[in-house]
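Subject: A structure for you to look at

Hello,

Here is the structure I promised to hand over. Please open it first, then read my notes beside it.

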Amino acid sequence: MKFTKRTYLALLSLVVLWCGGILLAPAVSAITPGVSAFLYSFYSPICHQTDARSFHLFGQKLGVCIRCSSIYGSFFLSVLAFAVTQRLSARPLPNRLWIMLAILPMVVDVLLTFTGIHVSTMLTRVVTGALFGSILPFFVVPPLLEGIAQLRSQYLARGGFVYARKTQ
């Protein structure tokens, strides 16, 4: 159980770094533009980073758009809540229907905007992103903790990493 807690804390640390980088990009733009540019380029493959569709901090857009900020922010809060509301030991995953229901409003919002039927607003982006991000940890954290625990037990059973066959 001690190892599972450490794994959870490592995951939480990675989530904090990820979300921190999103906030750090605009925060350091005036002081260290090179770091800011690196962070924006780091997040660019996963987000369009359109200025008009982004929250701003210190007059600069965040490292990702409003919807992505909502997904990552609510993911972070849910990872925190996960340890309080759930046991960190092995537990079954929720029904896949829940993740489908959580992503459906976001898909509908994007499709309606794309077809011109509806214009996505800041509110719809925040709500749909937060809904999806808040349910993700309940599908990601348990298999991650279980997988890492299994790798650790296999490692200990073999007496360490085995890189090649032993010679006879």
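Below is what I found, from the whole chain down to single residues.

**The whole chain**

Please keep in mind that this is a predicted model. The protein chain has six helices and two strands. Along the sequence they follow the pattern α-α-β-β-α-α-α-α. The radius of gyration is 20 Å, well over the 15 Å that the globule rule gives for 168 residues, so the chain is more spread out than a compact globule. Along the principal axes, the C-alpha atoms fill a box of roughly 65 × 45 × 35 Å.

How much of the chain is buried? Of the 168 residues, 33% count as buried. The exposed surface comes to about 10800 Å², and carbon and sulfur atoms supply 70% of it. Residues 24 or more positions apart account for 68% of them.

**A nonpolar patch**

Look at the surface next. Leu97, Trp98, Met100, Leu101, Leu104 and Val108 form a nonpolar patch there. Together they have about 600 Å² of accessible area. One of these residues, Leu104, sits in helix 4, which covers residues 96-115. Leu104 counts as partly exposed because its relative accessibility is 46%, which lies between the 20% and 50% cut-offs.

**The salt bridge**

Side chains of opposite charge can pair when their charged atoms come close. How many salt bridges are there here? The count comes to one. Asp109 pairs with Arg67, and their closest N and O atoms are 3.1 Å apart. Asp109 lies in helix 4 and Arg67 in helix 3 (residues 66-85), so the pair ties together parts that are 42 residues apart in sequence.

Are the two partners buried or exposed? Asp109 is buried, at 5% relative accessibility. Arg67 is buried too, with a relative accessible area of 12%.

**Ser120 beside the pair**

Find Ser120 next. It lies in the loop between helix 4 and helix 5 (122-135). Ser120 is buried, because its relative accessible area is 6%. What does Ser120 touch? Leaving out residues up to four places away in sequence, it touches Arg67, Asp109, Thr113 and Arg125. Both salt-bridge partners, Asp109 and Arg67, are among them. The side chain of Ser120 also makes a polar contact with the side chain of Thr124, at 3.2 Å.

Most residues other than glycine have a negative phi. Here are two residues to check against that.

- Gln49 has a positive phi of about 55 degrees, although it is not a glycine. Gln49 lies in the loop between helix 2 (33-43) and strand 1 (56-57). At 9% relative accessibility, Gln49 counts as buried.
- Phe58 is not a glycine either, and its phi is positive, near 55 degrees. Phe58 lies in the loop between strand 1 and strand 2 (60-61). At 65% relative accessibility, Phe58 counts as exposed.

**Where to start**

Begin with Asp109 and Arg67, the salt-bridge pair. Then go to Ser120, which touches both. Finish with the patch that includes Leu104.

Best wishes

How values were computed
Residues numbered from 1 in each chain as written. Predicted model: local features only at pLDDT ≥ 70, side-chain atom pairs only at ≥ 80, totals over all residues. Heavy atoms only, no water. Helix = DSSP H or I, 4+ residues; strand = E, 2+ residues; numbered from the N terminus. Rg over C-alpha atoms; globule rule 2.2 N^0.38 Å. Buried < 20%, exposed > 50% of the residue type's maximum accessible area, 1.4 Å probe, protein only. Contact = heavy atoms within 4.5 Å. Areas by Shrake-Rupley, 256 points an atom, 1.4 Å probe, with all protein chains shown as cover. Patch = residues over 30% accessible without salt bridge, like charges linked within 9 Å, V, L, I, M, F, W, Y side chains within 5 Å. Salt bridge = Lys/Arg side-chain N within 4 Å of Asp/Glu carboxyl O. Polar contact = N/O pair within 3.5 Å; in protein donor to acceptor, adjacent residues only side chain to side chain.
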